[in-house]
Amino acid sequence: MTDNLDLFSAPVPADIAQPAIKIKALRDQLNHWAHQYYVLDEPTVPDAEYDRVFRELQALEAAHPDLVTPDSPTQRVIGAVMEGLAPVRHTVPMLSIHTETDTEATGAQAFDARVRRELGLTDADPAIEYVAEPKFDGLAMSLRYENGRLVQAATRGDGEVGEDVTHNIRTIRQIPLTLPDGVPSLLEVRGEVYMRRADFDALNERQREQGGKTFVNPRNAAAGAVRQLDSSITAQRPLSFFAYGLGAITPPAEGGPVFRTHFEMLQTLKAWGFPVAAQVQVAVGATELVAFHQQVGASRDALPYDIDGVVYKVNRLDLQRDLGFKTREPRWAVAHKYPAQEMATRIEGIDVQVGRTGKITPVARLAPVFVGGVTVTNATLHNLFEIRKKGVRVGDTVIVRRAGDVIPEVVGVMPGKRTGYVPNFQMPKACPVCGSAVVREKGEANHRCTGGLFCAAQRKEAILHFAARRAMDIEGLGDKLVDQLVDANVIRTLPDLYRLGLTSLIALERMAEKSAQNVLAALEKSKQTTLPRFLFGLGLRHVGEATAKDLARHFGTLDAIMDASVEQLLEVNDVGPVVAQSLHTFFAQPHNREVVEQLRACGVTWPEGPVAERAPQILAGKTVVLTGTLPTLSRDAAKDMLEAAGAKVAGSVSKKTSYVVAGEEAGSKLAKARELGVPVLDEAGMLELLSGQGI
């Protein structure tokens with residue numbers, strides 16, 4: 001028996017042998033999961049499963065206190081120093097907080113009752129004042145400042161020793177590198193590095209497009225970014241920070257500040273330039289803690305970042321000192337969790353869905369699982385590359401994540417659960433909606449239906465794009481009207497727009513006769529257009545306004561474009577292999593040609609023949625960003641003028657931006673331009689530039 005129990009050096013009595021074996025197995029499992037989660041940043045089980053096993057170990061150790069050892073996961077902060085990062089010993093240990101997994105009101109009530117009991121308070125004594133704050137799902141961080149300058153940033157590690165990640169933390173713009181006068185000469189700020197959901201989604205989308213590794217959740221994306229050896233990689237992954245506490249600080253006897261409460265300390269950190277969560281507030285007694293838990297829980301999905309609970313801390317610092325610590329956590333604080341956003345379930349099948357733009361998305365049919373507050377039966381698998389990368393097959397037990405309003409997704413397979421051989425999933429060769437060929441363009445991760453104008457799944461998007469102001473400019477044909485027309489099967493293809501009659505329109509909900517007549521008039525007016533507008537309106541993949549103009553200028557007629565070979569299309573200015581192949585594939589589909597011919601038959605027409613040559617390209621190679629409201633020009637008009645002069649009009653500011661044109665109420669783009677030293681012009685300056693005088 002002792003050979004199997006390295007926890008002991010002497011024979012184990014029979015009455016505790018079985019608990020000891022179970023305890024060792026649970027510890028080994030938790031340590032293995034923790035290594036995957038904290039060190040490798042590759043979790044293999046959902047948080048709820050880890051918490052369940054952790055609680056089981058806690059219960060066994062409580063029943064057998066003689067088996068508790070200092071290296072148990074319940075007795076220390078989980079974590080390790082990553083190879084390649086220098087170790088940092090914390091002056092003040094970074095201990096974790098006890099987690100209350102009862103997601104109901106009783107969790108807050110139990111904490112308040114325990115604090116009152118340990119302080120020796122009776123029912124007659126006043127209610128205790130707490131600080132309540134969100135429990136961020138990120139990576140704990142300690143920032144050390146000496147004489148007002150950031151000199152070191154370290155992860156929690158095992159609570160005593162963390163990792164030096166100063167080179168990466170300097171890339172986080174929310175973290176000040178220098179502090180204002182009057183700050184203590186020694187200051188360690190404790191907080192959380194996290195990634196906002198929008199930044200996480202954008203990062204994963206970029207990773208998918210580039211065939212790179214996708215991340216399980218924002219917490220692991222943030223942890224992976226912070227612990228890179230190359231800070232240039234971290235700089236490409238937008239991270240954020242919230243401060244929530246202090247470590248070492250110059251003592252009052254040496255001129256350091258005197259704080260009476262935890263809330264006062266947080267407000268001081270805010271005044272010194274550190275971000276503090278807006279939700280942080282003082283709560284008096286259990287009743288207000290319960291209200292805070294419910295209030296934040298109700299708005300959880302609307303937050304721009306992930307939280308998995310809230311944290312309660314006794315506000316008065318003298319009471320915190322009186323309560324003290326127990327082994328691995330303070331007695332004066334607790335984390336009160338919400339229902340898990342990740343759970344395990346089984347994949348019962350894999351179907352595909354066709355999106356509004358033709359993207360084919362594989363979707364897992366799941367054994368129903370309650371996650372993130374709802375019962376989930378389907379989850380996205382994104383694309384075939386993701387399925388292969390994660391090794392997902394029908395019958396697998398997988399981790400499903402649902403955060404906020406984000407579509408549930410399968411983030412990983414739980415190893416060791418598969419029984420027997422299951423073939424790999426294959427993408428369909430034909431669209432399940434319209435039967436058109438399914439293709440994957442070179443360099444892209446996604447498969448797409450080539451049905452375009454014909455596919456019912458793409459119908460609404462195709463109509464809205466066709467009617468857009470910079471395409472056919474059909475005024476009054478907006479989202480709600482298109483939804484009604486398509487849902488009622490009044491319109492099945494683009495030519496049906498020009499077959500609409502007054503009777504069919506006024507039969508629609510909230511459509512008066514005058515409004516219907518206006519739509520019909522706009523449709524009639526749109527029949528007289530230009531070849532570039534018509535090409536752009538067809539929604540050809542990769543063909544924007546500039547490319548549509550280049551195609552029209554080069555070929556002169558639509559028939560010549562439709563009949564062009566890939567080689568002939570490559571002769572067009574700025575048309576590369578991907579665009580040429582996409583165009584050729586689109587017009588090779590008989591039903592797409594049929595839609596074009598029907599539109600012509602309905603009276604849609606344009607001047608044929610060579611298109612006028614471009615104006616002098618005085619801004620060729622320049623990138624311009626528009627922001628704010630210009631005094632006389634609309635955004636579209638300014639964009640047209642810039643593009644006509646050869647400029648690329650971008651949506652965001654970077655080091656590669658040549659100019660920013662700013663009007664009234666210009667916001668973050670203007671600030672970014674000033675920060676990067678990008679030249680900023682007003683409308684007059686832009687017009688001067690276009691005239692050639694400002695070059």
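Accessible areas here come from the Shrake-Rupley method with a 1.4 Å probe, and for residues only the protein chains shown count as cover. On that basis the protein has an accessible surface of about 32,400 Å², with 51% of it belonging to carbon and sulfur atoms. Please keep in mind that this is a predicted model, where local features need pLDDT of at least 70, side-chain atom pairs count only at pLDDT 80 or more, and totals for chains, interfaces and linings use all residues. Residues are numbered from 1 along each chain as its sequence is written, and side-chain values use heavy atoms, leaving out hydrogens and water.

**Overall build**

- The protein holds 24 helices and 24 strands, taken as DSSP runs numbered from the N terminus (helices are H or I, at least four residues; strands are E, at least two).
- Its C-alpha trace spans about 95 × 65 × 55 Å along the principal axes.
- Of the 695 residues, 50% are buried, meaning under 20% relative accessible area with a 1.4 Å probe and protein chains only.
- Taking contacts (heavy atoms within 4.5 Å) between residues at least 6 apart in sequence, 66% join residues at least 24 apart.

**The second largest pocket**

- This pocket has a volume of about 950 Å³, which is the space filled by probe spheres set on grid points joined across faces, edges and corners.
- Its lining counts 26 residues, and the closest to the centre are Thr-171, Arg-173, Ala-235, Pro-238 and Lys-672.
- A pocket is an open set of points on a 1 Å grid over the protein atoms alone, where a 1.4 Å probe fits, with protein on both sides within 12 Å along at least five of seven lines; lining residues have an atom within 4 Å of a point.
- Helix 5 (197-209), helix 7 (231-235) and helix 23 (668-676) each supply at least two lining residues, and helix 23 gives the most, with four.

**His-447 and Gly-358**

- His-447 sits in strand 20 (residues 447-449), while Gly-358 lies in the loop between strand 14 (342-354) and strand 15 (359-371).
- His-447 counts as buried because its relative accessible area is 13%; Gly-358 is buried too, with a value of 0%.
- The two residues are 89 apart in sequence, and their C-alpha atoms are 8.5 Å apart in space.
- Beyond its neighbours within four places in sequence, His-447 is in contact with residues including Gly-358, Lys-359, Ile-360 and Leu-384.
- With residues up to four places away set aside, Gly-358 touches His-447, Arg-448, Cys-449 and Gln-458.
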